Amino acid sequence: MPLIAIIVAALAVGFEQLLQLKFGALGVIAFVALAVGIKAKNSMIGGIGAVILVMLLAQSG
């Protein structure tokens, strides 16, 4: 069980670093807002995070 937790944590940190590399600090903030919104079942916070991520993705493409 601890091995699975370590692997999941490593993947989360790796994904966060990839987001920061590609989209900067705003991408990380948007991802955190989306994750917190989903975890807390708060659609406003999750929606804000999702909108910011979509805007960042549209800008880079």
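**Close-up views**

**View 1. Phenylalanine 15 has a relative accessible area of 40%, so this residue counts as partly exposed.** Partly exposed lies between buried (under 20% relative accessible area) and exposed (over 50%), with a 1.4 Å probe and protein chains only. The model is predicted: local features need pLDDT of at least 70, side-chain atom pairs count only at pLDDT 80 or more, and totals for chains, interfaces and linings use all residues. Residues are numbered from 1 along each chain as its sequence is written, and side-chain values use heavy atoms, with hydrogens and water left out.

**View 2. The whole protein has 2 helices and 0 strands.** Helices (H or I, at least four residues) and strands (E, at least two) are DSSP runs, numbered from the N terminus. Helix α1 covers residues 2-39, and helix α2 covers residues 43-60. The C-alpha atoms fill a box of roughly 40 × 30 × 15 Å along the principal axes. The protein has 61 residues, and 18% of them count as buried. It exposes about 4600 Å², by the Shrake-Rupley method with a 1.4 Å probe.

**View 3. Phenylalanine 15 pairs with phenylalanine 31.** The structure holds 1 aromatic pair. The two ring centres are 5.0 Å apart and the ring planes stand at 65 degrees, so the pair is edge-to-face. Rings of Phe, Tyr and Trp (its six-membered ring) pair with centres within 6.5 Å; planes under 30 degrees apart are stacked, over 60 edge-to-face, the rest tilted. Phenylalanine 31, at 29% relative accessibility, counts as partly exposed. Phenylalanine 15 is also partly exposed, at 40%.

**View 4. The largest nonpolar core has 6 residues.** Its members are Leu19, Phe23, Val28, Ala30, Leu53 and Leu56. Such a core joins buried Ala, Val, Leu, Ile, Met, Phe, Trp, Tyr and Cys residues through side-chain atoms within 4.5 Å. Both α1 and α2 give two or more residues to this core. The largest share, 4 residues, comes from α1. In soluble globular proteins, nonpolar side chains tend to be buried together.

**View 5. Phenylalanine 23 is a buried residue of the core.** Phenylalanine 23 sits in helix α1. Its relative accessibility is 17%, so it counts as buried. Leucine 56 is another member of the core. Phenylalanine 23 and leucine 56 lie 33 residues apart in sequence. In space, their C-alpha atoms are 6.9 Å apart.

**View 6. Five named residues make a nonpolar surface patch of about 420 Å²: Val32, Val36, Met44, Ile45 and Ile48.** Helices α1 and α2 each give two or more residues to the patch. The largest share, 3 residues, comes from α2. Patch residues have over 30% relative accessible area and no salt bridge; like charges are joined within 9 Å, nonpolar side chains (Val, Leu, Ile, Met, Phe, Trp, Tyr) within 5 Å. A salt bridge puts a side-chain nitrogen of Lys or Arg within 4 Å of a carboxyl oxygen of Asp or Glu. Valine 36 belongs to helix α1. This valine 36 has a relative accessibility of 45%, so it counts as partly exposed.

**View 7. Lysine 41 lies in the loop between α1 and α2.** Its phi is positive, about 55 degrees, although lysine 41 is not a glycine. Lysine 41 has a relative accessible area of 75%, so it is exposed. Phenylalanine 31 is 10 residues away along the chain from lysine 41. The C-alpha atoms of these two residues are separated by 15 Å.
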